[in-house]
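Please keep the structure in view while reading.

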Amino acid sequence: MLIRTKHQGFEHPTPSEITARAAYQTRRQWLAQLAAGAAGATLSTWAARDAWAQATGTYPRPGKLAALPGAHSAVAGAVTMEKLTDYKDATSYNNFYEFGTDKSDPARNAHTLVTRPWTVAVEGLVNKPGKYAIEDLLKLSPMEERIYRLRCVEGWSMVIPWVGYSLAELIRRVEPQGSAKYVEFETLADPKTMPFVGSHVLDWPYTEGLRMDEAMHPLTLLTFGMYGEVLPNQDGAPVRVVVPWKYGFKSAKSIVKIRFVEKQPGTAWNKAAANEYGFYSNVNPNVDHPRWSQATERRIGEGGGLFAPRRKTLLFNGYEAQVGQLYAGMDLKKNY
């Protein structure tokens, strides 16, 4: 503590010391509430998030890339209070098959990706099609920080602080026509800068898609950064989407086209193995992958590697309260 006492020759603390005292007391209160099991409601606020970060010291800015701060988000479900995955893990354990199929390949190979200049074309059933430079997209709406769970279809998970804004902000500006039922994302496929494009693993370019109401949901994030900085190449620079209630492969990286269509678009993994990777790919512990259970997951960074203790997987990755109504009446085993 920085509070001065009479023995140090000061009668009263300075304003900065009062602030330090308040922060210290807030941290103590948070730790006490956590120990007592009463932190749930309090920790749902951003003030508590800040106190938690100060108390645990888990969120220093990495200092690796250009800063990209995000304001606190008021979107319901936008902030989980779980311990963040270390930046090193989130940037070295990746699936980005354009740069290789091993988890370490993207971090090793993605330095070849050129992210400036960069444009994203908006096409299809919209009244205002066009091309957006990345600089224009960065200014289109205020940046927010969203701390989301990330669940991979392979059975591992992370907790990542992303920076961006709801994809709905862009969608409203381009004015989709009434016949637009789906949004398709096309990612960069440049064999000159992406050494594994052209391999037979997938049908290139990598494409993904969402139903219109999924794309418009406020949790669907058009993402430009993570951990308070711009996206590293291996994590989908310079722009990607993050759909936190779906398996990670639904969150397309390095996007170059957003297309509005009437019919359900073909997507990369669905085309590769439709019986294993459905169009919806909502996180569902009750629907196993044909080759493994989805009931549990291992959190990257918790130690033990493949033999780390596993935790229960949550329906819709824990976002059921926010997105469950999107699938009311649907057979989630048939529409996996």
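A network of salt bridges links Glu82, Arg149, Arg151, Glu297, Arg299, Glu302 and Arg311. A salt bridge here is a side-chain nitrogen of Lys or Arg within 4 Å of a carboxyl oxygen of Asp or Glu. Side chains of opposite charge can pair when their charged atoms come close. The model is a predicted one, in which local features need pLDDT of at least 70 and side-chain atom pairs count only at pLDDT 80 or more, while totals for chains, interfaces and linings use all residues. Residues are numbered from 1 along each chain as its sequence is written, and side-chain values use heavy atoms, with hydrogens and water left out.

| Salt bridge | N to O distance |
|---|---|
| Glu82 and Arg149 | 2.5 Å |
| Arg299 and Glu82 | 3.1 Å |
| Glu229 and Arg61 | 2.9 Å |

Glu229 lies in strand S9 (residues 229–230) and Arg61 in the loop between helix H2 (46–56) and strand S1 (71–72), so this pair ties together parts 168 residues apart in sequence. Helices (H or I, at least four residues) and strands (E, at least two) are DSSP runs, numbered from the N terminus. Glu229 is buried, with a relative accessible area of 0%, whereas Arg61 is partly exposed at 47%. Buried means under 20% relative accessible area, exposed over 50%, and partly exposed in between (1.4 Å probe, protein chains only). Arg149 is also buried, with a relative accessible area of 16%, and Arg299 counts as buried at 8%.

The largest nonpolar core has 80 residues, of which Leu137, Leu170, Phe185, Phe224, Trp245 and Phe260 touch the most other members. Strand S5 (residues 156–166) gives the most to this core, with six residues. Such a core is a set of buried Ala, Val, Leu, Ile, Met, Phe, Trp, Tyr and Cys residues joined through side-chain atoms within 4.5 Å.

Met194 is found in the loop between strand S6 (182–187) and strand S7 (207–211). With 0% relative accessibility, Met194 counts as buried. Leaving aside residues up to four places away in sequence, Met194 touches Phe96, Glu98, Phe99, Leu113, Leu188 and Ala189, where contact means heavy atoms within 4.5 Å. The C-alpha atoms of Met194 and Tyr97 are 9.0 Å apart in space, although the two residues are 97 residues apart in sequence.
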